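The report below describes selected local features of one structure, shown here with its sequence.

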Amino acid sequence: MSTQRQVAGFDPASTPPDPGAVHTPEQFRQALNALAAGRGPTELEAAAHRLQPPASLSKQTVSDLLREGRPREATLATFLRVCQVPRQEHQAWQAARGRAEGHSREPDLRRLVPLIRVGDADPRNLGVHPAIEVPGAHRELPTYVERDTDTAPNGVRALIRRAVTGGRGQLLLLVGQSSTGKTRCAFEAIQQLLPDGWLLQPADVEQIRQAAAHPRADLVVWLDELQNYLGASDGLTPDLVRTLTRSGVLLIATMREEFYQKYAHQPGHEDSRAYAIAWEVLTKQATPIPIRAKLSTAEQTRAQAAAAHDGYLRAGLLFDAQEPFPAIAGAPVLTRRAEGGDPHIRAVLDAAVDATRLGVWSPLSDAFLREAALGYCDERQRGALSHDWYESALAYLTQPLIRTAAVLDPVAPPGTVGARGYRVAGYLLQEIGRARRFTKVPAATWHALIKHVTSPDDQVRAADTAMYLLLYDCAEKLLRRAHAAGGEVSKLLADLLARQGRIKDLRALAEAGDIAAGERLVLLLVLRGRLSEAKAVCLCLGRGMFPHAWLIADALTEQGRIEEAIAFHRALADAGDDSAVGQLAQLLAEQDRIDDLRDLAEDSHNDNDHHAAYHLTRPLAEQDRIDDLRHLAHDGMPYAAEELVDVLVKQGEADEAIAALRAIPETGRHPIVATMLADLLLERGEVDAAIAALRPLAATGHRSVIHRLLGLLLQRAPLEELHALARAGGPATTRELAELLAQHDRMDDLRALAEAGDHLAAHQLAKLLAKQGRAEEAITIVAAQADAGHGYARTLLARQGRIDELRAMADEGNDDAACQLTLLLAEQGRLEDLRSLAEAGHSVAEDQLARLLAEQNRIDDLRMLAKAGHDQATRRLVDMLVEQGQIEELRTLAKAGHDSAIEALAEHGPIEDLRALVTADHHTAVRRLSQLLGRQGRTDDLHTLTEAGHYQAAEQLAALLAEQRRTEDLRALVDVGAPYAAQRLIALLCDRGQEEAAERIQRFGLPLEDDGEVQK
């Protein structure tokens, strides 16, 4: 069916995709990508603009088309034109699209992935921790204690309700420490709100893709321990989340705080692509919901009431009234087990914890643990080991303690029997990991990681950590193993080799087809003046190197090697580099090579590439070469037409300019040409002729032409014709027509359009009526538009004080109406109405209510709202307490974990209060105390906090040691991974005149020291 055709970047030796062989959505997506022939969204968008007539194909549209393979009919038609598919084949491609669409509706998701009703889900299978054994307690789980977030205006259940009622999917992420009730909170929320929905607990990301391919609005995707779906070469992506949420799918996820913090910083040049993708999912698409470890006062009250009938809760509250859930999940039992073993047992556990915090998230193998654990034993301990030391340690650590929980959980892949690896219990990983956060990892662990870790994703994460610790040798070995296993590490490995100037190693990777290595190699060669070698690399690697070829061409030009630069551009253009034509044209223009430019323009015009013509027309105009410009304009080059008209008008030859533009064939006439012709005709008063010049292109939907034509026809054409013309240009020109009619006070025409359902016309009509003082009539006109989201209706209602109508809209879920209503109620001081809106979850109402209560000094009301979980009320209450000097109540709020109270206490209370809060593990208190200690120069106190695993303290300590010029102490902080310690060490060495040492560290890192010491 298909004929052979040449597409830029497409292998002419391969057969173009046959639309007749396309039946499924995936086959259609692959076929579309084959047509694209490696060109990305930017390139295809530019190609669409170069079509005759030009077409619109945005980068986002192209990205969606290539990723999802579900274009609209018109989008596909434009895409086929861009890919130079013969017009006689378009019908076959549209038929293939129809088959793919029909196929996508056929399979039921339940036949593709395992789904169960939410109401039938087992909480244990979803990740809820088993409870300890308590005499008299026989149920599997304790009574659920309602969390503050369950009823908070912007809590988990409120967000689920809004997502479901609004038909908008969402990714909700419950973040907190281990064993604090994250998973149970999420489970209870969907059980109560969505019992009849379908639940997918995906085994891998592929099952999530299946759900995205066949979405249903009643689907809940359960992602407990979200980090297991992120940070991998084949992990969860923003596009996948976006596809699901656009279809109304709810994704509910949990994540431990230490993993969430790993993605806290914005991706930089040295971060992996997998990190950047995970960061975008977490920061741009997920809605984080914090679950605090310590129960609030209200939560404690509810827990104590439930404990009267629940032995689990009684036991947990007896152990810790503020944090009962870790005890119920068996954390004390696990902790005692972990702390009670012999040194070789703790060595195995510490090796497992360190490997996980370094980035190995897959189950840890026996081979790794056996080898790494020896690095945690000193010489005496190693000498005392028995022949079965590892087996005895493993038996101790894997013994089930609480039903099925153990210090190390054996893990077997699906469908297999027997442990294939081990994971540290979540609570222990959190606690021991925090204690070891700034402890140096033994060299034996790094050697074992390099030797035994096989997952490319684990290897990349561990390499990232090694780079952060300046252990570049370890990072390279891990990256090379990941590269050999197919991991997406080319950029990271190439960056490391380029940093060290290793041209030979980069060349070896480039010769194997590694584009990232080729890019860095070309840059190094250019910087070293080895341009011939750089050219050879660029041409050898082909298409992937085109964006970097300009470096070579610029260097050749700067050296005066013009002919060589021109020949290089020609070679790139012949190899399929579209941008090379433009760069060659610019170079020829700079050299006044007019004849070469003309030849290039004629050659490239056949490929719809106007770069050469653009650069050719300016020198032709400067030399008044009218015939050449006329020839290029006639061939459909709009830049030539612009220059031609400009030259002729300056010469007083407007008639000749009009004749030249009219001579351009209508079939290839560009909107610019039509507009220029119309302008010239209008200057002569020939309005009808100007309209005639614009009409052909207006019919094809060109907005700029429609814009001009609407203004000309406003007083000449009936309303029906104007409206049809405006609609052809889309929403922008439809809005423009309404604005034009309003400017000319054509109220009858606006009313007719409004009655036909045009809300833009209704808006303009209402504005005119309101200006005339006819507010009631204006509200009547736009009232029907309000449900469609027309904001002016709500504005008018607010101006007229129409509270009942605004309240009705707000009750139906219209957030904008709720905002207008809130501001109106606040203006009128109606506190109780504001309170109702705040309790319904409207954040603006909460803000306004808190403001009014504070202005009226109603501190008891603020206390009640703060107790109910209203953040704005808490902030206002804190401000009032500070003004009144009520430090004791501030302490109470701070102990409950309110950040605003902790900030206020840091400013107005004694340092001992901050120390007490740090002991209770309040992060804001740690940050403020660390800052205070840093200002006071108290390194010993900062050391103590750092050894306890506090990140902010380590950061302050590094800054203070650099300020005190303590190089060796700063180097020790680099070894344990203190934040910014490496940068401060390098800066300090430079400041002390040791530039060579600083450069050596910056390029080659630090050596891995086999010091043989146990790292406790």
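## Selected helices

Gln381 is located in helix 19, which spans residues 379–383. This is a predicted model, in which local features need pLDDT of at least 70 and side-chain atom pairs count only at pLDDT 80 or more, while totals for chains, interfaces and linings use all residues. Residues are numbered from 1 along each chain as its sequence is written, and side-chain values use heavy atoms, with hydrogens and water left out. Helices are DSSP runs of H or I with at least four residues, numbered from the N terminus.

Gln381 has 11% relative accessibility and therefore counts as buried (under 20% relative accessible area, with a 1.4 Å probe and protein chains only). Its C-alpha atom is separated by 7.5 Å from that of Pro343, 38 residues apart along the chain.

In helix 35 the buried residues are Pro638, Ala640, Ala641, Glu643, Leu644, Val645, Val647 and Leu648. Gly652, with a positive phi near 80 degrees, follows helix 35.

The axes of helix 57 and helix 59, as tabulated, come within 9 Å and cross at roughly 5 degrees; axes are lines fitted to C-alpha atoms over the stretch in contact, with angles from 0 to 180 degrees between N-to-C directions.

| Helix | Residues |
|---|---|
| helix 57 | residues 951–963 |
| helix 59 | residues 981–991 |

Helix 57 and helix 59 are therefore roughly parallel to each other (angles under 35 degrees). Ala958, Ala959 and Ala962 of helix 57 are in contact with Ala981, Arg984 and Leu988 of helix 59, where contact means heavy atoms within 4.5 Å.

Terms used
Helix = DSSP H or I, 4+ residues; strand = E, 2+ residues; numbered from the N terminus. Parallel < 35°, antiparallel > 145°, perpendicular 65-115°, else oblique. Buried < 20%, exposed > 50% of the residue type's maximum accessible area, 1.4 Å probe, protein only.
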